[in-house]
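Hi,

Here is the structure for you to look over. My notes follow below it.

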Amino acid sequence: MNPSTLIGMIASVLLLGVLIFFAADDPWLFIDLPGLGIVLVGTMAATFLSYPMSEVLRVFKLIKTVMRNERLYTERDIEELVDVSRLWMRDDPVLVEKALPRISNPFLRTGVQLVIDRIPEEDILDLLQWRISRMKAKEAAEAQLFRVMASYAPAFGMIGTLVGLINLMDVVGSGDLVVIGRHLAVALMTTFYGILLANLVFKPVAVKLERRTEQRVVLMNMVLQGISMMCARRSPSLMRETLNSFVAHREDEIRDGAPGVAVTRTEPKPAPKAASAAPRPPDSKGGTQA
């Protein structure tokens, strides 16, 4: 499981536990199945109305993606690209084709295959950039799905509040406090459930998916740069250093942020003064020449 997701889940449960068990005389007051049903069923109904069936059914798969500790294997991709580039520098496409099945990244494998087929560099880069754009659009739509659900949940919480208040107004004249309290609980708890689901489930999942997309785009741009350098037959050592810069973690690109390292500034030395002009010899009259 993803460690940050696990920490967030534990912190959320602890927060709710503290609020329910220490801030209320009866913790069971925070459990209202009709209110929760209004929010969940209403949110899912609005989502099905907004999106095709195939996209809505991907919600459960995307939640599993967020829960899973997904690795990008960036170092492995760099080593595979550098090794293939060394083979390509030998002008032996047969060796490169034999190494092609060992490449695990399908995006990298496609780029190397196009280089072996002698496709022009511009066409290769256009195709790979199109694949990057397509992936970004697809995964952005998936994250937007959860953002839309996060906007629906509080809205249906307010609908549940209105339903509870309407029912409360209908029975307030009877004076039955039990019935009045039940309708008031539905009115308040639906708003609570809507805000809770929006800010502890839907929005965090959307942000996590967006961050995942950013990391994957960085990796694909790194592969794109490597394929471009392979087409130009650049040195494998230069390729490794260039690709490592994509994944280097620096706090500041223009300063060394290492603690305890003092940066000394060398003051420029003043320029030596020009030597004074030598005195002129006196003239024949004993004076000094002007």
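**Aromatic pairs and other findings**

The count comes to two aromatic pairs (Phe, Tyr and Trp rings, the last by its six-membered ring, with centres within 6.5 Å; planes under 30 degrees apart are stacked, over 60 edge-to-face, the rest tilted). F30 and F192 have ring centres 5.8 Å apart and planes at 65°, so this pair is edge-to-face. F30 sits in the loop between helix 1 and helix 2 (33–50), and F192 in helix 9 (residues 177–231), so the pair ties together parts 162 residues apart in sequence. Helices are DSSP runs (H or I, at least four residues), numbered from the N terminus.

F192 also pairs with Y193: centres 5.9 Å apart, planes at 55°, so tilted. F30, F192 and Y193 form one aromatic cluster. Y193 is buried at 10% relative accessibility, while F30 is partly exposed at 24%. Buried means under 20% relative accessible area, exposed over 50%, partly exposed in between (1.4 Å probe, protein chains only).

T74 is in helix 5 (residues 74–89). T74 is buried, at 16%. Its contacts (heavy atoms within 4.5 Å) include L219, M222 and V247, leaving aside residues up to four places away in sequence.

On confidence: this is a predicted model, where local features need pLDDT of at least 70 and side-chain atom pairs 80 or more, while totals for chains, interfaces and linings use all residues. Residues are numbered from 1 along each chain, and side-chain values use heavy atoms, without hydrogens or water. The chain averages a pLDDT (predictor's confidence per residue, 0 to 100) of 82.

Best wishes

Conventions: Helices (H or I, at least four residues) and strands (E, at least two) are DSSP runs, numbered from the N terminus.
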